[in-house]
Structure formats: C-alpha cells, structure tokens
Amino acid sequence: MTAAKYQLSAIEACYGRTVAVAIDELTIAAGELHVLVGSNGSGKSTLLGVLAFLNEPHRGKILFDGTPVTFTAKECALLRRRVTLLHQNPYMFSGTVEANVSFGLVSRGLSRESTRRVVGESLERVGLAGFEARKARQLSGGESRRVAFARAMACKPEVLLLDEPAAHVDRASAAQIESLVVSLVVGGMTIVMSSHDDRLGAKLGARVIRLEEGRSDPL
Amino acid sequence: MSFIVESLRVALSLILAGDRDVVSAVTTSLSLALWSVLLAAAGGVPTGIAVAVGRFPMKGAVKVVLDSLMAMPTVVVGLLVFAFLSRQGPLGAVGLLFTPKAIIVGQAILAAPIVANYTVAAIEGADDRILPTALTLGASPMQSLFQLAREVRFGVVAAIIAGFGRVISEVGVAMMLGGNILYYTRTMTTAIALETSKGEFAFGLALGMILMAVSLAVNIFLTLAQESHRA
C-alpha cells in the first residue's frame, strides 16, 4: 500500500466569512499523480494553497508524512522547501530566465556551479534550452508558463502542486506539460494538479479528487 | 527687472569662478543630505516594508501617523532634536549641537517618514503574487521580503530620492541644529536665507540655481532609471 503524503481531516479554509474549502477526509498518496477537478470557484486554488503551506486552514488537521503540521512560521518555511506550488498565472521575477529558474536554488544556498547545471537541465526538460539569458518578462505566455514549470521543477520538491498548468497554452505545450508531469511521477514525485478537464485524470492514469463548492469527493 | 538680470549675471560668474563660499555650501549640503537620506533609508525602508506586508493591530492608525509625519514642519523637528542635543537635554553630553552630525540626525528624522510612506505605497502597489511565489520556491520569509523589495526597487529608489528632495531643500533643521557656521554647517538653504537677508541677492540666486539644478538632475536620473527598467 502506498504511504500517505498528506492526510487531511475536517479541514476548513475561509475567505472572511465565506468557507472556500471544507473537506472531511482526504489522503494524498506519496509518489502518485492526483488530478483535482472542479469548476471555477470550487476551491481548487485554495486547497492547493493549503497543501503548499501558504494558507493556514481555519480548522482541521493536516498530517504531512505522518507528522501533524502546526503551521508555525518556522515549520512552514521548512515544509515549503519540500513542496512547491506552480500558480495558475505564474509571476516572473524581473531579470533573466536564469535568475528566475535559479531562484529556489539560490535560496537553498546551492553552489553557483550546481545551480547553473540544474537550471540548464530544467530548461532543457521544458524545451527551452539556451533561454538562460533571455529577459523573463519578454517571453510569450506559453514560454513563461514553461519557465515557471522549470523553476518549480528545479527545486526538486517531494511534492509539486500545479494549478491548472495547461490552461491558456496551445495543445502541443499542454501535451508536453502532461508528459513531463507523468515522467516526474515515474521519478517518484508526488503531484497534485488541478484542472477543469474531467477526462484528464483517466487520460493520465491519475487519482481524481473532485471538488464541488469546496467539498471533496474522491473517486 | 535689470536688478534681477544683473543678479543672474553675478550669480553665473560666481558659479563659473568656483567661488569658495558657493562651493562650500554646495558640498556641505550634498554630503549632509546624502548621509541623512542614507540614515533615513536604513530606518524608513524596513519600516515601510513591515507596515505594508505586516498584519498587526492598529495598522491603519500607524499609517495615518506616518502620513501625518510627512508634513512635519522642519522647525518643529529642529526644535525637538535641539531639545535633546542642547546642553540641558538628555543627549547634551554628546556635544553634537551645531555640528554636521546634528543636522544629519534632524534631517534623517525629517526624511524617514517620507521614505517609509513611499515604500509602503510601492509595496502595496506591487504584484500580490511576488511573496507567495518566492515563499513557495523555498525562500525564507526574510529572503522573500528581500525579493519583494528587489522587485519594487524603483519605487524604493523613488522613496529615497523623495527623502533626498525633502532634506536638500529644507532650512529649519539645518539652521537650528547646525547654526549656519561658515565652511562647517552652512548649507545652500541656510546660506541663501542669510545672504538674501544681508542684501547679497546674487549670491543667494547662485545657490538657488544650483539647488534647482540638483533637484532637476535627481528627477532626470529617476525618470531615466524608471524608463530603462520598463524597457
């Protein structure tokens, strides 16, 4: 049986008085691909924010690798080195593509040589080899998303959370992202990916978590 | 009219000849303004970041206080710092009164709320994805704040330059805390006030022209820097 990466129980995340996510029980298995399906406003991004330790739920309990998460600043900072979220509309830092992709590595204190090597490998995996010196803000939308993917992947997280990574990209780029996701899972990474597409889970052989108005219904 | 034209002619000749009094007032002003704005930035920028991103009680009240401090009259700042630095004051023993250091302290107090407020505005106007992006890529809270400041660096530079503009053109603090001592604490503004009251209008005009040129140069620099950032 696959070990649980996350175990959520009685989780409630709110915006003001509005409950955005209310989940009784949810388990994310380690080393597997999960597709989070739901319509706009169903709470997918909020749940990903909780799983990324960016938003503290108002109620409930989360176990990460079997250990309860207390959401102290120090604990979250450590956990965020193991979990990376790729936002739906990723922000590109000013400067070059290399500066963007290396951001997480520099934050972790990786040597300059290793950083350069990992940046090159990550860009190559998303089909943007040789883009290091390009200005990040001058890239097309599709290229920006791939750079953001490379930036997240470069951190080599245990868990990669993807908020609709294939939205607003052409079919070829979407297929490339999907095959990359599958290859990362084969390599042992746990991935949770949100999508509007009901069929994506079956297509990728993933576990599907359906969110409706913030409530989960694991299929 | 001929009086003004004649004064302009004398002013230009004073500038071109590198008159010692003019040069001394200009260099004193620039060096004091530079040091005081650096001191103000050291306190104002972190304060601005903390106020902009921090979640704490009475945040609104703190912002109102910062806003109000921007309009603090220079003579009031001069008076307050004078009270601390004068012989009877709590810091009288340090012997700073009527020295350049006293002016730096006073001008830094004057500029810090401006730097802090402009920094708050820059941070609050920044893209709200910056911090979550930095955090989720594994940066510590401090590294993330540093990245945030880096992303809005031109806003922060504008804040510092606004502080510089405030201190280079003020007269109250320099006069009260520096004592307008020739070749020591005499700045462009205190010299203009003194020389004009003595009837030396041309000398005052010469310094006024340099003061305007400095302000203009600072603004041109800022505009060019922002344009190159956008390009």
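A:Q7 stands opposite A:L63 in β4(A). This is a predicted model, in which local features need pLDDT of at least 70, side-chain atom pairs count only at pLDDT 80 or more, and totals for chains, interfaces and linings use all residues. Residues are numbered from 1 along each chain as its sequence is written, while chains are lettered from A and ligands numbered from 1 in the order in which they are written.

Start with the strands. Strand β1 (residues 4-15) of chain A runs antiparallel to strand β4 (residues 59-64) of chain A, and 5 bridges join them. Strands here are DSSP runs of E with at least two residues, helices are runs of H or I with at least four, and both are numbered from the N terminus. Two strands pair if DSSP finds at least two bridges between them.

Now turn to a helix of chain A. Is α1 (residues 44-51) of chain A enclosed or open? 8 of its 8 residues are buried, so α1(A) is largely enclosed by the rest of the structure. A residue is buried if 20 or more other C-beta atoms lie within 10 Å of its own, exposed if 12 or fewer, and partly exposed in between, with C-beta atoms placed from the backbone. The buried residues include A:K44, A:L47 and A:L51. Just after α1(A), A:F53 has a positive phi of about 60°.

Next comes the interface. 18 residues of chain A are in contact with 15 residues of chain B. Contact requires C-beta atoms, placed from the backbone, within 7 Å. On the chain A side, α2 (73-79), β6 (83-86) and α4 (103-107) each supply at least two residues. α4(A) gives the most, with 3 residues.

Chain B has 11 helices and 0 strands. Its C-alpha trace spans about 65 × 50 × 25 Å along its principal axes. Of the 231 residues in chain B, 42% are buried. Helix α2 (residues 20-53) of chain B has 34 residues and reaches 48 Å from its first C-alpha to its last, close to the expected 50 Å. That expected span is 1.5 Å times one less than the number of residues. α2(B) bends by about 30° at B:A41. The bend is the angle between axes fitted to the seven residues ending there and the seven starting there.

How values were computed:
Two residues are in contact if their C-beta atoms, placed from the backbone, lie within 7 Å.
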